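Subject: Structure handover

Hello,

Here is the structure I promised to pass on. Please open it next to this email. My notes come after it.

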Amino acid sequence: MTDKSSLLRGRRTKIVSTLGPASSTKEMIRTLFYAGVDVFRLNFSHGSHEEQAARYNIIRELEKETGKVIGVLADIQGPKLRVGDFADGKVVLKTGATFRLDLDKTLGTQERVCLPHPEIINSAEPGCRLLLDDGKLCLIVRKVGKDYLETEVVVGGPLSNHKGVNVPDMVLPIPALTEKDHKDLRFALDLGVDFIGLSFVQRPEDVQEAKDISNGRAWIVTKMEKPQAMQNLDSILELTDGVMVARGDLGVEMPPEEVPLAQIKIIRKARSLGKPVIVATQMLESMITSPTPTRAEASDIATAVFEGADAVMLSAESAAGQYPKEAVSIMNRIIARVEKDEEWRKLMEATREQPHNNVADAIVAAAQKICQTLDTPAVVAFTRRGKTAQRMSRERPNSMIFGVTPTPESARKMALVWGVHPYHSVKVDDPACTVEQMISEALRITQEYKVVKVGQHMVVIAGMPFGQAGSTNLIRVVDVE
């Protein structure tokens with residue numbers, strides 16, 4: 001039988017790890033879990049539904065085997081814009097040359113290629129930029145025709161079949177969900193995933209569309225990777241359940257010097273709303289081919305932790321890299337080391353959000369103060385949908401947060417939330433659950449995980465009657481005897 005205390009992460013910031021060709025066996029998924037993964041990401045840009053289902057089933061078997069809640073994030077591809085095919089497979093565009101993009105499906109040449117996206121042609125104006133192949137090439141629109149764009153090559157280079165197109169200067173009249181995305185989204189929801197990563201969001205309406213389809217079955221995690229999304233940040237954050245700083249495409253469409261500032265802004269605003277935020281892309285990029293990270297990458301992870309991100313994420317490092325276990329392990333070590341630093345603790349206290357003017361926020365703010373004054377090892381938040389634990393997380397307490405819920409779905413969602421150890425307990429699956437029953441269950445859980453010792457205190461918060469949304473109104477200090 002697994003020692004439950006060994007499953008507690010020695011950190012509060014969570015780790016999201018992408019599964020792929022290098023990490024899809026049961027043995028490797030188990031290895032990554034024990035190395036520190038809290039949430040596994042299924043990337044629907046690659047792989048079949050059958051492959052994703054097999055990965056999902058392994059995760060759920062592992063969850064049952066270990067008794068520790070594991071979250072699953074399904075990342076939906078979104079409207080990826082690409083050029084068509086070239087007669088020779090690729091061309092080399094010379095700086096200063098004229099290059100035409102049109103709707104003609106004839107194979108491309110040195111002078112032109114098909115751009116099978118009429119919405120780009122309809123939205124373009126002279127002076128707009130087109131960034132190709134992750135920003136390696138740059139074209140400027142000089143003339144807009146009915147079914148073509150005539151451009152000047154500002155930054156040249158090789159361009160091959162199906163390379164991506166980014167349009168930072170345009171708001172395209174296309175939804176965030178394509179026909180493929182709709183199929184993938186419904187498949188992922190039927191699987192039972194906990195989070196949906198929504199790609200290439202431009203407007204709050206994009207988020208609402210996904211939320212309407214999900215209908216509460218999964219949290220929507222909006223990926224911030226478009227300048228237009230940054231312009232609508234406040235309205236998007238109001239709607240979404242969580243947010244991802246997707247620095248890859250964001251770094252293509254925004255100047256590099258703007259990306260760190262965007263990261264800080266997104267994290268601060270998400271924290272103020274108590275919504276989980278993931279920092280992603282190239283965190284340990286060199287570890288795709290190297291067993292150790294660069295010092296800059298270690299600092300990048302540390303910076304996200306100091307900024308108060310709920311989670312940091314591995315992409316190709318764990319999905320296709322040569323050292324997936326090592327990447328998770330070093331990320332785990334960096335986070336744990338930063339969170340032991342006194343300056344990190346001071347920063348968490350200095351950036352603590354002020355409670356909103358409501359009973360629930362007043363309760364969790366008081367709980368945080370009690371935890372700090374009594375130096376309590378744990379605060380136990382009883383919650384049906386996870387909101388009480390989220391509010392407690394927003395306070396960034398030094399105590400471990402146990403999020404105890406009667407539903408496995410809510411427990412899995414809390415796997416992404418900073419500092420929360422989710423726990424599924426059937427013993428509180430009753431609206432008539434009493435305070436005494438809650439305290440008894442809190443004592444059992446914290447002692448099962450060897451967190452609270454005799455003579456110490458713990459704090460219990462809940463809503464009474466239990467399970468009523470928005471009713472967090474109870475706080476109790478418990479002496480452990």
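Below is what was found, grouped by topic.

**Ground rules.** This is a predicted model: local features need pLDDT of at least 70, side-chain atom pairs count only at pLDDT 80 or more, and totals for chains, interfaces and linings use all residues. Residues are numbered from 1 along each chain as its sequence is written, and side-chain values use heavy atoms, with hydrogens and water left out.

An unreviewed UniProt entry annotates residues 11-328 as "domain: Pyruvate kinase barrel". UniProt positions are given in the numbering used here, feature names are shortened, and annotations may be inferred rather than shown by experiment. Over residues 11-328 the chain is 36% helix and 24% strand. The end C-alpha atoms of that stretch are 13 Å apart. Helices (H or I, at least four residues) and strands (E, at least two) are DSSP runs, numbered from the N terminus.

**Salt bridges.** The structure holds 33 salt bridges. The criterion is a side-chain nitrogen of Lys or Arg within 4 Å of a carboxyl oxygen of Asp or Glu. Burial is used below too: buried means under 20% relative accessible area, exposed over 50%, partly exposed in between (1.4 Å probe, protein chains only).

- R11 pairs with D38, with the closest N and O atoms 2.9 Å apart. This pair links distant parts of the chain, 27 residues apart: R11 sits in the segment before β1 (14-19), D38 in the loop between α1 (26-35) and β2 (39-43). R11 and D38 are both buried.
- R391 pairs with D361 at 3.2 Å between the closest N and O atoms. Here too distant parts of the chain are linked, 30 residues apart: R391 is in helix α15 (residues 387-394), D361 in helix α14 (residues 359-374). R391 is partly exposed at 24% relative accessible area, while D361 is buried at 4%.
- D206 and R203 form a salt bridge at 3.5 Å, N to O. D206 is buried at 3% relative accessibility; R203 is partly exposed at 22%.
- K4, E441, R444 and E448 are linked in a network of salt bridges.

**A buried charge without a partner.** E297 lies in helix α10 (residues 295-306). E297 is buried yet has no salt bridge. What is the nearest side chain of opposite charge? R295, 7.7 Å away. For charge, Lys and Arg count as positive and Asp and Glu as negative; His and the chain ends are not counted. A polar atom of the E297 side chain lies 2.9 Å from the backbone nitrogen of T294. Not counting residues up to four places away in sequence, E297 touches M283, L284, E285 and S286 (contact means heavy atoms within 4.5 Å).

**Cysteines.** The count is 0 disulfides, a disulfide being a pair of cysteine sulfur atoms within 2.5 Å. For C138, the closest cysteine sulfur is in C128, 11 Å away, so it is too far for a bond. C138 is buried at 11% relative accessible area. C371 is buried as well, at 4%.

**Backbone.** Most residues other than glycine have a negative phi. D133 has a positive phi, near 55 degrees. D133 lies in the loop between β7 (129-132) and β8 (137-144), and is buried at 14% relative accessible area. T281 also has a positive phi, about 85 degrees. T281 is in the loop between β15 (277-280) and α10.

Best wishes

Notes:
Polar contact = N/O pair within 3.5 Å; in protein donor to acceptor, adjacent residues only side chain to side chain.
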